[in-house]
Every structure is written in structure tokens, then in C-alpha cells.
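Trainee: Could you walk me through reading salt bridges and cavities in a model like this one?

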Amino acid sequence: MKNCLALFLTLALLLALAGCGTSAPGDPNEGLYEAVSATGMGVTIPVESVFPDGFSLELKAGGKATFHYEGKDYSMKWSYDGDSFRASGGGAELNGTVGDGVLLLEDVLGSGIDLKLLRDAASAPAAPAAEQKADAAGEAGETAAAPEPYEPYLDALATLPVFDAEASCAMSNWMNNGFCLIEDDVFYGRYFRSAGSYAELVTMELVNEDGVIRSGEWKQLDGKHWPSCLQKRGDTLYYLIQTQGDSVVEGVGCIKTDGSEARVLYSGACSYLSLVGDRLFFTDENARLLSCDLEGGELREEFGLDKKVFYPYFLSEDWLLYQDDADNESLHLLYVPEGLDYKLNDEQSYCPILCGSALFYTTPMAKDADMYYLARIDLSQWDETADEALGCHVPAFSIEHEGALMRLHFCTDGSVIMPDNADKVAPLDEWYSLSSSQAIHMMIRFLSPVYMVQEDYSERGRVNAGLFTDRETGHTEKLPWLR
């Protein structure tokens with residue numbers, strides 16, 4: 001991030017030396033272009049985090065241009081061939097493309113940094129008189145349609161993902177600590193050697209014969225720690241390293257599925273690990289979002305989110321859902337390619353899970369309450385609201401509360417919703433009928449279309465047993481403790 005800032009400041013200083021030139025008037029690309037995103041090294045940076053006063057370039061008639069930065073205007077010249085754009089002067093040269101109100105500056109000063117600028121519709125040149133006359137002389141009764149305004153916040157929503165059963169299960173598991181996972185009838189994750197004893201990280205084959213599940217060959221991978229936010233890529237497990245007997249997270253670790261090559265990739269308190277593309281994302285002890293590569297290198301802050309964030313979950317590589325701690329713990333969506341931040345609601349929101357286009361979450365019935373209401377936001381439905389500060393329209397989402405009262409956590413597989421304790425399972429369209437007892441006696445630890453893993457708790461809060469369910473037959477087996 002610091003390197004990106006230095007490159008942008010260098011650009012501003014070089015442009016201050018620019019001169020002017022000439023070209024024909026009435027060019028269709030004339031107008032005031034405002035930067036909306038900056039991208040480099042695979043990272044999209046909100047422009048305001050680098051340029052608090054904005055970054056703009058006004059293309060004028062006669063090849064003249066004005067660059068505006070930190071309250072000052074600097075002159076330069078510009079031209080284009082087809083859609084290829086060039087601006088130069090004072091030793092600085094910018095290249096890219098221009099057309100239809102979009103200006104893209106590519107590989108700025110050979111730095112690998114790209115800028116995207118959009119033209120203010122009010123600054124676009126009027127059509128030449130001859131064209132206006134020709135339009136007016138069109139077929140009788142026919143009116144030329146005005147071009148649709150560019151609405152970045154509304155247009156981006158067309159790319160918002162819709163979650164199927166598998167994606168909803170994966171998000172449910174992550175929101176419920178991600179202590180284990182099952183892939184190809186092999187269990188990986190937290191398991192207790194005997195009732196109430198310390199857990200460990202193991203791998204275990206599951207033998208499923210007509211819905212009757214038993215444990216096959218198993219192996220201890222780590223007897224000193226257990227995992228959370230467990231994820232698998234190839235033959236490697238990535239997870240948050242938790243200390244035996246408590247919930248203290250020591251860092252981010254990885255290990256091969258055969259128990260070899262155990263490593264610490266990041267050392268220190270952290271939370272909310274996600275494996276996205278070729279990077280690991282997590283929050284540090286100050287709840288700032290960081291990422292590193294799969295070897296633990298290239299550690300950096302992400303997306304200019306200079307604030308505390310919780311539940312940062314990637315709905316896709318382009319969409320990040322998170323809770324903004326300073327904004328009353330409300331939910332936000334970040335559209336990464338353009339740095340667009342959507343505020344979804346105004347209330348304290350926990351454990352959000354997307355199912356189809358419906359985003360479910362829990363909100364406390366009262367401050368510091370142990371019981372929560374279930375709420376829903378339909379991300380496919382919104383009202384357009386003008387935002388004067390942004391100069392465009394933004395979506396306003398509606399929130400539904402139907403009185404469902406439960407503990408903090410829940411799971412969904414795309415067709416049903418199951419709260420903590422699974423006292424009652426409700427079809428998705430009857431989510432408002434859910435309820436759950438306050439005392440913990442059963443926790444869902446893994447959910448997929450094939451399997452469900454639960455931990456049975458005693459009145460003293462100790463784990464009595466691990467229960468494995470074949471979801472097709474509904475048959476549940478209590479697997480013997482590993483010894």
C-alpha cells in the first residue's frame with residue numbers, strides 16, 4: 001500500500017510540469033473524468049484512501065486538459081487514435097483507452113498501477129448541430145432515447161453471486177468456527193480423544209454403509225492444537241491454530257494431510273481465516289484485514305479498510321461481506337474491483353449467511369442479550385436512493401424481522417435453516433418460525449448435502465460425544481472416541 005501511494009504522489013508531481021497543445025473542437029470524449037478505482041499488484045484501492053481530495057482529469061477542446069490534485073490545477077495535452085488514449089507533457093506520459101465516458105490509464109509510469117476514471121454526465125459535450133437536426137428529422141412520433149446514466153453501485157449488483165446449497169453450507173461451517181470438514185468420505189479437524197479431554201487435529205476415514213457410519217483408519221496430525229476456520233487446498237490444510245484447552249488463537253498454520261510439513265505462516269492473535277485464490281485473508285489482533293500468500297509471505301493490508309472488521313467473508317473474489325465495528329456493528333458489502341462500499345442495514349448483526357439471494361443474520365433482542373432475533377435481507381430486491389455525496393444512486397435494502405428467537409449461531413443448506421441445538425428445523429420459507437433453547441446441548445460443527453457433524457454437550461458444557469449423520473437416510477451414529 002505504501003508503494004502504491006508513493007507511485008501516485010510521483011505521478012502528481014510529474015503532471016504539475018505538463019504543457020498544452022491543440023486538436024479539433026467538439027470531440028465526443030471531452031468532459032470531466034473522476035477516478036473511481038486504483039488497481040495494482042492485484043489489489044483494488046479506494047481512490048479516497050490515496051487521494052482524499054480526489055483525482056480528476058478534464059479533457060477540453062483543442063487538445064487541452066486540466067489535471068486537478070490537492071486543490072490545484074495543472075495543464076497538459078491529450079490525443080487519441082481509435083480508443084487508444086495518450087496524454088503527455090513535462091516528462092510525464094499516460095497511456096490507456098477512452099470511450100463511452102470511461103477513461104482507463106494503464107501501467108501508470110511503468111508501475112503496474114491502473115486507474116479507472118468515469119466522466120461526469122453533465123460535462124459530456126452536446127451533439128453537433130447537424131446531428132441534432134438529423135435526430136429531430138427522424139420518423140414521425142419517434143423520440144431518441146437518452147443514454148442510460150452510469151450508476152456504479154446499481155450496475156455492480158448484477159454481478160452479486162447467488163449461493164447454491166454447497167456454497168451456503170460452506171459459509172455456515174465457516175461462521176460456526178470451521179472446526180472440521182469432510183471431503184471424499186474423509187474427516188479432517190477437531191476431535192476429542194475421550195469425553196471432556198483436550199481436542200486434537202486428526203484425519204479419519206468414514207465408512208458409510210447404507211447410512212450406518214463408522215470410523216475407519218485415523219491419524220493424529222497435531223496433538224497439541226486444534227484447528228478453526230479449517231480449509232483444504234489439494235493435499236494441504238490451512239487453519240487458525242488454537243491452543244489446547246482454550247480458544248486462544250496463536251496464528252495461521254498449514255499441514256499436509258499426511259501429517260508432514262507443519263508450519264506457522266503467521267504468528268500472532270488473528271481471526272476469520274479465508275482461502276481465496278492464491279492468498280490467505282484474516283484479521284489481526286486489531287481486527288484489520290490482512291492477507292499473505294500461501295507460503296506466509298507478501299503480508300499486506302487489504303482494500304484500504306482502515307477500520308475494525310468482523311466476519312469478513314468472500315462471497316466471490318469480487319464481493320466481500322463484513323461487519324463494520326464502528327458503524328454500530330452493521331453489515332457492509334464491498335465490491336472489490338471498484339472499491340464500492342454498500343451499507344446493508346443499521347443494526348447490530350452477527351453470523352451472516354447467504355442462501356440464494358437471501359442474507360440471514362442474527363441481531364440481539366436487547367443490549368448484551370444472550371438470545372437473538374433472526375433477520376433477513378433479500379439482496380435481489382432494493383429501492384434506488386439518490387446519494388448527493390456520491391453523485392449517483394445507491395440501493396436501499398429492506399430488512400425483515402419475523403420474531404424468530406434463538407441463540408447466536410445457525411446453519412442453512414439452501415433448503416432448511418437449523419439453529420444452535422437444532423431444537424427445530426424450518427424450511428427456508430418458514431424461517432420466521434424458528435426457536436432455540438438458551439442452554440447449549442448440541443452444536444452443529446459441519447454441514448454438507450451428504451453429512452452433518454454435531455457435538456453433544458453435558459450440562460457442564462463438556463463435549464460428551466461426536467455425532468455423525470448421513471443426511472440422505474437421517475441415520476445418526478455416535479462414533480467411539482479415538483484412543
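**Salt bridges and a cavity**

Mentor: Let's begin with R279, which is buried at a relative accessible area of 7%; buried means under 20%, exposed over 50%, and partly exposed in between, using a 1.4 Å probe on protein chains only. Bear in mind that this is a predicted model, where local features need pLDDT of at least 70, side-chain atom pairs count only at pLDDT 80 or more, and totals for chains, interfaces and linings use all residues. Residues are numbered from 1 along each chain as its sequence is written, and side-chain values use heavy atoms, with hydrogens and water left out.

Trainee: Which residues does the salt-bridge network with R279 join?

Mentor: Salt bridges with shared partners connect R279, E298, R300 and E302 into one network. By salt bridge I mean a side-chain nitrogen of Lys or Arg within 4 Å of a carboxyl oxygen of Asp or Glu. For E298 and R279, the closest N and O atoms are 3.3 Å apart. R279 sits in strand β19 (residues 279-283) and E298 in the loop between β20 and β21, so the bridge ties together parts 19 residues apart in sequence. Strands here are DSSP runs of E, at least two residues, numbered from the N terminus. E298 itself counts as exposed, at 55% relative accessibility.

Trainee: How many salt bridges does the structure hold?

Mentor: There are 16. Take E338 and K116, with their closest N and O atoms 3.0 Å apart. This pair links distant parts of the chain, 222 residues apart: E338 is in the loop between β24 (330-335) and β25 (340-343), while K116 is in strand β9 (residues 114-119). E338 is buried, at 10% relative accessible area.

Trainee: And R263 with E295: how far apart are the closest N and O atoms?

Mentor: They are 2.8 Å apart. R263 is partly exposed at 35%, and E295 is exposed at 56%.

Trainee: Now the cavities. What volume does the largest cavity have?

Mentor: About 90 Å³. On a 1 Å grid over the protein atoms alone, a cavity is a set of points where a 1.4 Å probe fits but cannot get out, and lining residues have an atom within 4 Å of a point. Searching the whole structure turns up one cavity of 30 Å³ or more.

Trainee: Which residues lie nearest its centre?

Mentor: Of the 15 lining residues, R190, Y191, V453, E455 and G466 lie nearest the centre of the largest cavity. Strand β37 gives the largest share of that lining, five residues.

Technical notes:
Helix = DSSP H or I, 4+ residues; strand = E, 2+ residues; numbered from the N terminus. 1 Å grid on protein atoms, 1.4 Å probe; cavity = no way out; pocket = protein on both sides within 12 Å on 5 of 7 lines; lining within 4 Å. Points joined across faces, edges and corners; volume = space filled by probe spheres on them.
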